[in-house]
Each structure stands twice: as C-alpha cells, then as structure tokens.
Amino acid sequence: MRLSSQSFADGARIPGEFSFCIPAAEGHVCLGSNRNPHLAWSGVPTETRSFVLICHDPDVPSSGDDVNQEGRVVPASLPRVDFFHWVVIDLPADLREIAAGSFSDGVTPGGKNGPEGPLGSRQGINDYTAWFAGDEAMRGNYHGYDGPCPPWNDELVHRYVFTLYALDKECCNVDGSFGGAQVRNAIAGHVLAEAKLTGTYTLNPSLSD
C-alpha cells in the first residue's frame, strides 16, 4: 500500500497552510490556516473493510520546562514523546483520497466537535486537548486534525508521520472519546497493510527543514 499527497512530498517540509502555527512578522508565531493536507492511497488489500488514519509527531519534548521560553532552548538531546495530531477511524473501504481542507479548515479556539466526522468516520481527540487544558481562551476537546506547532525554540526539526492502516473490520473497537494510543491498541491484530508519509516542520528561525 502506498500513501501520497499533493500537499507535500515524503520527507519534505509541510507548508504553513496545513499548520496550526506559522512564523509571525512580529513576535514568534501566529495562527495558521490549519487545513488538513490532501492524502491519497493505492495498492489496497482486497480484504480491506475500513481504514484508520493517524498523524503523530514523535519529536515532542518530554519536558515542557524550556518550551517557548525567552532566552532558553529546547535541546535536541532531550528525550522525545509522541503527540497525536489526527486520529480518524472507520473510514470506508472504498475511499482512496481525502481532499485538502475537507476535515479541517482553520483553528477553532475552545475545541472541535466529535467524534462524528466526514465520510462516515469517527475522529479521536488530539493532544492539543491536554496542551490547552490550562488556557482559558483555548481549552476544550479538540477532535480531528490540528496541524504542526512545534516550540519556536526547539533545536530539533519535528517530523509529522501520517500512517494509514487497512483493517479487516468495518468498525474500530473504541467507544466514546478516544485518542491515538487507544486506537493503536484496538487495531492490533486487525491490520492488513499500512503505509506512511512523513513531513517536517519547524518554527525555529535558526533551523532549516
């Protein structure tokens, strides 16, 4: 199975159009267009009953002490953890493409509705839900896609891994609100094939991605 995009090439920089934050003319960052990228896939196993799509950043700092702090940097040597940006389950078996902006088109302060999503899918809660929990203006449950916004002082260029799973069942066995880790556990033993597409992004002006 192969996963591709008209929005960015594998291993290339994700355009700001598909990011939660972009570099600001003044200050460090401002909100981006936050559109989901275009995705298309081929080589699907004939036994496929549904798809799961997960986008995660494996390069998120394991400690937030230095994140976005003036006069400090997030060292590249700091251990990193997963941050889930998009979790979609129950995508129909005959689907072969997701249009850019069809699942997300802008930042929505206070969260996004779910889990019901486009095309009969269900969307999980992404990790901005926890990140904004202490922010009065932004807190809420963020379902669906919200794009890159790595720390502007991180020494590491972040990777964003889009993984498509072809499953042997029509519905993923999760209920209510769910996240990426729950879905990964639920699809174990049901994956017929998987394909990955990776983009990069940084808001650190001293780095090039």
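## A tour of the predicted model

Begin by selecting the five strands that form an open sheet in the order β8-β6-β5-β9-β10, where the pairing is antiparallel; two strands count as paired if DSSP finds at least two bridges between them, and the elements themselves are DSSP runs numbered from the N terminus, helices being H or I of at least four residues and strands E of at least two. At the edges stand β8 (122–123) and β10, each with a single partner strand, so one side of each is left without a neighbour in the sheet. This is a predicted model, in which local features need pLDDT of at least 70 and side-chain atom pairs count only at pLDDT 80 or more, while totals for chains, interfaces and linings use all residues. Residues are numbered from 1 along each chain as its sequence is written, and side-chain values use heavy atoms, with hydrogens and water left out.

Within this sheet, colour β5 and β9, which pair in the antiparallel sense over seven bridges, and look for Cys-55, which stands opposite Phe-162 in β9.

**Helix α2**

Next select helix α2 (residues 180–187), whose buried residues are Gly-180, Val-183, Ala-186 and Ile-187; buried means under 20% relative accessible area, exposed over 50%, and partly exposed in between, with a 1.4 Å probe and protein chains only. Seen down the axis of α2, these buried residues fall within an arc of 125°, so they line one face of the helix, the arc being that of the directions from the helix axis to the C-beta atoms. The buried residues of α2 pack against β5 (50–61), β6 (80–92), β9 (158–167) and β10 (191–201), where contact means heavy atoms within 4.5 Å. After α2 comes Gly-189, whose phi is positive, near 85°.

β1 and β4 pair over three bridges, and Arg-2 stands opposite Ser-42 in β4. Strand β4 (residues 39–42) also pairs with β7, over two bridges; Ala-40 stands opposite Glu-97 in β7, and Leu-39 stands opposite Ile-98 in β7.

**Aromatic rings**

Show the aromatic side chains, among which a search of the whole structure finds nine pairs; rings of Phe, Tyr and Trp (its six-membered ring) pair if their centres lie within 6.5 Å, and planes under 30 degrees apart count as stacked, over 60 as edge-to-face and the rest as tilted. One of the pairs is that of Phe-132 and Tyr-142, which is tilted, at 5.6 Å centre to centre with 45° between the planes. Both residues lie in the loop between α1 (128–131) and β9, 10 residues apart, and both Phe-132 and Tyr-142 are buried.

**The largest pocket**

Finally, select Asn-68, Tyr-128, Trp-131, Cys-149 and Pro-151, which lie nearest the centre of the largest pocket among its 24 lining residues. The elements that give two or more residues to this lining are β3 (29–31), β5, β6, α1 and β9, and β5 gives the most, with three residues.

Methods: 1 Å grid on protein atoms, 1.4 Å probe; cavity = no way out; pocket = protein on both sides within 12 Å on 5 of 7 lines; lining within 4 Å.
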